Amino acid sequence: MTSLPECFSQYEYYHQHKMNRWLHIVGVPCVVIALMLFFGWIRLDFFSYLNMRVSWLMIMAALIYYMMIDSKAAAIMAVVYCLLNTCVGYIVGGRPTWASFSFLVVLLVGGGLMLLIGQALEKKQPVLQGRFLSMLVMPIFVVNDVASQFGWGFCKAASESTKRK
């Protein structure tokens with residue numbers, strides 16, 4: 001299993017163009033919110049005692065992986081994901097509607113296009129090709145990039161290189 005600094009150095013290699021980084025700062029949250037919305041529509045009922053949206057289970061799975069690579073990043077992402085998933089649940093509601101489905105499509109297609117355009121600017125193979133775990137770590141990169149703009153980056157190596165750019 002790779003460490004977070006190793007993941008960040010790989011991210012730095014594939015995301016050197018400033019516009020690509022900005023496209024990722026917008027595109028990755030769009031895709032994450034779309035996935036939260038989709039998995040929020042699916043509910044699990046455990047013996048009529050616990051009714052839970054699958055999006056919370058997906059978040060727990062991601063956070064378990066984050067804990068294995070970096071506990072500080074996992075704690076920060078737990079706050080980010082919980083706030084985001086709660087907001088998505090309140091804004092869109094628990095059942096699919098035409099408006100929420102349209103919102104999902106716009107976020108997923110728009111976010112995906114931003115990521116593809118960003119990779120085209122780099123003129124490199126997309127980092128996610130054949131690497132599912134890289135996709136799980138992508139939101140950490142984005143949160144660190146945004147936090148670094150305010151001097152709050154939690155991965156020092158990545159925060160320093162972001163300041164230099």
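Rings of Phe, Tyr and Trp, the last represented by its six-membered ring, pair if their centres lie within 6.5 Å. The exercises below apply this to a predicted model.

**Exercise 1.** Determine which aromatic cluster Phe38 belongs to, and how many aromatic pairs the whole structure holds.

*Solution.* Phe38 forms one aromatic cluster with Phe39 and Trp41. A search of the whole structure gives 7 aromatic pairs.

**Exercise 2.** Classify the pair formed by Phe8 and Phe141, and locate both residues.

*Solution.* Step three: Phe8 lies in helix 1 (residues 4–14) and Phe141 in helix 6 (residues 132–149), so that the pair links distant parts of the chain, 133 residues apart. Step four: buried means under 20% relative accessible area; Phe8, at 2%, is buried, and Phe141, at 6%, is buried.

**Exercise 3.** Classify the pair of Phe150 and Trp152, and decide whether these residues are buried or exposed.

*Solution.* The centres of Phe150 and Trp152 are 5.4 Å apart, with 25° between the planes. Planes under 30 degrees apart count as stacked, and this pair is accordingly stacked. Both Phe150 and Trp152 are exposed.

**Exercise 4.** Describe the surroundings of Ser55.

*Solution.* Ser55 belongs to helix 3 (residues 54–69). Ser55 counts as buried because its relative accessibility is 2%. Leaving aside residues up to four places away in sequence, Ser55 touches Met36, Phe39, Gly40 and Asn85. One of these contacts, Phe39, is also a member of the cluster with Phe38 and Trp41.

Conventions: Residues are numbered from 1 along each chain as its sequence is written. This is a predicted model: local features need pLDDT of at least 70, side-chain atom pairs count only at pLDDT 80 or more; totals for chains, interfaces and linings use all residues. Side-chain values use heavy atoms; hydrogens and water are left out. Helices (H or I, at least four residues) and strands (E, at least two) are DSSP runs, numbered from the N terminus. Buried means under 20% relative accessible area, exposed over 50%, partly exposed in between (1.4 Å probe, protein chains only). Contact means heavy atoms within 4.5 Å. Rings of Phe, Tyr and Trp (its six-membered ring) pair if their centres lie within 6.5 Å; planes under 30 degrees apart count as stacked, over 60 as edge-to-face and the rest as tilted.
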